Amino acid sequence: MHPAFSVLIFTVTSGAGYGLLAWLGAGQLLGFTQTLTVNQQIVIGLMAMVLVSIGLASSTMHLANPKNAWRSFSRFRTSWLSREAVFAILLYPVAGLYAAAIFWQWSGINILAGLSMILALVTLFTTSMIYASLKTIRQWNTPMVPALFMAYALISGGVLFLAVDAFFGTLKPQLQAVVMGLVVITLALKLVYFFWQGKPQGATIQTATGFSQASVRLLDAGHSAPTFLNREFGYQVAADQLLRLRVIMTLVTFIVPLALVYCVFGGLVGAELLGLAWLIMMAGLLLERWLFFAEARHVVRLYQGEQRT
Amino acid sequence: MKLGLVVDLDTCVGCHACATACKQWNTSGTIGPLSDERPHGKDPSGSWLNRIHSYEVGDSPHSKTVNIPMSCMHCETADCVTVCPTGASYKREEDGIVLIDQDKCMGCNLCSWACPYGARELDPNSGTMKKCTLCVDRIYDEQLPEAERQPACVLTCPTSSRVFGDFDDPDSEVSRLTRERAGQQLMPELGYNPVNTYLPPRIPKQQDSMSVSPMQGVRQLVNRIINR
């Protein structure tokens with residue numbers, strides 16, 4: 001699949017934003033935001049919504065006919081993309097009320113915190129289901145995709161929460177331990193995903209053409225220059241290059257940020273390095289998302305001559 | 001009704017006439033022009049609703065060239081319709097034709113991702129998705145003589161390897177051909193239930209040319225011509 005840069009930016013930044021908001025809501029419910037002042041909590045909430053908004057704005061960039069984007073709220077009952085649009089917009093007034101509840105210390109603050117957290121997670125889930133619901137791409141059509149998308153959001157939001165917490169001088173070692181644990185779990189999930197993806201499975205050129213008992217080779221694709229289908233689905237990266245990028249991605253997204261958080265946890269380096277850990281993790285997640293697209297092989301490629309997906 | 005096409009892979013010669021007839025008819029049809037990029041340049045590109053791929057099936061010397069024209073299969077389980085967030089993509093209840101409302105499409109490409117057959121292409125000019133309409137603006141046009149109320153690709157096919165009809169009617173030609181020639185769906189394991197059906201090439205009668213001497217062969221041929 002062609003990795004559209006706007007979609008990479010969208011899923012990574014809005015993911016971190018939703019993750020941060022989920023941590024803020026969880027902090028209200030579990031009590032670990034009590035060390036923060038009202039203004040500090042509102043700053044964290046604003047940061048989350050700015051990240052989410054940058055992502056959503058970026059997502060509209062890949063539309064070829066954006067003047068009809070407003071119609072995307074209309075098919076909530078069937079389309080995951082429509083559900084994503086509805087939940088993403090619904091979160092704004094709820095998050096606004098949550099901010100008001102923080103500011104004026106309303107008694108119903110826990111309900112609004114919980115609701116914001118749930119909406120953030122539900123929006124993440126709807127985004128991931130856009131990909132996971134496609135039967136045409138076996139690399140995406142797996143429950144691991146929503147699980148991973150939510151995990152990425154929680155670790156990128158979590159490290160950002162730690163960084164901001166450290167900036168305010170209220171860094172809590174217990175929270176660092178929890179985030180480090182989540183990073184390890186996410187890494188394990190990703191490795192399981194890579195293992196599964198490597199297994200040959202799914203449709204082949206035989207089932208695509210109906211000649212299940214013979215070898216089938218493409219003689220002529222029927223066009224002399226690349227088509228929309230080639231550009232959208234024919235994205236090809238050399239296998240050794242992909243392997244190299246997988247290793248780099250694993251180091252940059254998981255290992256280096258994990259090591260930095262651990263060093264801060266152990267007091268080896270200053271807590272200000274948590275911000276650096278977050279930036280490195282975000283760069284790694286961008287590469288992860290690029291790989292997510294570059295490694296996805298749509299079944300249309302079988303008609304273009306590929307033997308299997 | 002369940003309208004769709006039967007394509008005979010035995011007689012299709014891969015001439016691309018169906019694709020050009022389709023482009024010619026539909027570029028002035030209900031979905032607006034099918035625009036092109038650099039039509040006279042080195043690498044012309046553009047939206048087509050029908051494309052033909054040619055394959056070598058089997059291994060030489062027992063191989064065979066098979067041409068597979070592909071357009072929208074008007075699937076019964078059309079994921080392209082369910083993924084559409086704007087409601088632009090829809091399947092007609094009365095005849096099962098899958099269409100795109102050009103006034104609603106926002107060009108997000110998701111329906112083309114959901115289609116396993118590559119039936120949907122983004123129009124580079126309008127930024128909306130285009131696909132086979134089964135010539136919905138021909139097949140119901142009462143101004144046309146009845147014989148011409150068929151998709152452009154079917155009318156133009158020089159080997160009559162494309163047949164249009166109602167798969168819900170067991171006596172229609174498409175149903176009969178599917179039954180008699182063991183018509184099959186492409187990539188059925190994905191579960192889209194495509195309506196369009198492909199007739200596999202007929203298996204040629206096995207002839208052992210070595211057991212017949214050349215003269216016998218000529219005699220048989222002459223006898224056959226005389227007896228006609």
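Me: Are B:Asp123 and B:Lys130 buried or exposed?

Reply: The general idea is a cut-off on relative accessible area: buried means under 20%, exposed over 50%, and partly exposed in between, with a 1.4 Å probe and protein chains only. In this case B:Asp123 is buried, and B:Lys130 is buried as well. Before going on, note that this is a predicted model, in which local features need pLDDT of at least 70, side-chain atom pairs count only at pLDDT 80 or more, and totals for chains, interfaces and linings use all residues. Residues are numbered from 1 along each chain as its sequence is written, chains are lettered from A and ligands numbered from 1 in the order in which they are written, and side-chain values use heavy atoms, with hydrogens and water left out.

Me: What joins the side chains of B:Asp123 and B:Lys130?

Reply: They meet in a salt bridge, with 2.8 Å from N to O. The term stands for a side-chain nitrogen of Lys or Arg within 4 Å of a carboxyl oxygen of Asp or Glu. Over all chains, the structure holds 21 salt bridges. Some of them share partners, and A:Lys190, A:Glu288 and A:Arg289 are joined in this way into one network.

Me: Which parts of chain B does the pair B:Arg51 and B:Glu121 tie together?

Reply: The two residues form a salt bridge whose closest N and O atoms are 2.6 Å apart. B:Arg51 lies in strand E4 (residues 51-57) of chain B and B:Glu121 in strand E8 (residues 121-122) of chain B, so the pair links parts that are 70 residues apart in sequence. Helices (H or I, at least four residues) and strands (E, at least two) are DSSP runs, numbered from the N terminus. Both B:Arg51 and B:Glu121 are buried.

Me: Are A:Glu306 and A:Arg301 buried or partly exposed?

Reply: A:Glu306 is partly exposed, at a relative accessible area of 22%, whereas A:Arg301 counts as buried at 5%. These residues also form a salt bridge, the closest N and O atoms being 2.9 Å apart.

Me: How is the interface between chain A and chain B described?

Reply: The size of an interface is often given as the accessible area lost when the parts come together. Buried area is that loss for two parts, summed over both, with a 1.4 Å probe. Between chain A and chain B about 4,500 Å² is buried, and carbon and sulfur atoms give 59% of this area. A:Lys135, A:Phe228 and A:Tyr303 supply 15% of the area that chain A buries against chain B, more than any other three residues. By contact (heavy atoms within 4.5 Å), 55 residues from chain A and 58 residues from chain B take part.

Me: How many salt bridges cross the interface of chain A and chain B?

Reply: The rule finds four. A:Arg217 forms a salt bridge with B:Asp59, with closest N and O atoms 3.2 Å apart.

Me: Which backbone angles deserve a look?

Reply: The peptide bond from B:Ser60 to B:Pro61 is cis, with omega near 10°. B:Pro61 is in the loop between E4 and strand E5 (64-70) of chain B. B:His74, although not a glycine, has a positive phi of about 50°. B:His74 lies in the loop between E5 and helix H2 (79-83) of chain B and counts as buried at 0% relative accessibility. B:Ala182, also not a glycine, has a positive phi of about 55°, and its place is the loop between helix H6 (173-180) and strand E11 (197-199) of chain B.

Me: Where is A:Ser59 found, and which residues does A:Ser59 touch, not counting those up to four places away in sequence?

Reply: A:Ser59 is in helix H2 (residues 38-60) of chain A. Not counting residues up to four places away in sequence, A:Ser59 touches A:Ser6 and A:Phe10. A:Ser59 is buried, with a relative accessible area of 16%. A polar atom of its side chain lies 2.7 Å from the backbone oxygen of A:Leu56.

Technical notes
A polar contact is a pair of N or O atoms within 3.5 Å; within protein, one must be able to donate a hydrogen and the other to accept it, and residues adjacent in sequence count only if both atoms are side-chain atoms.
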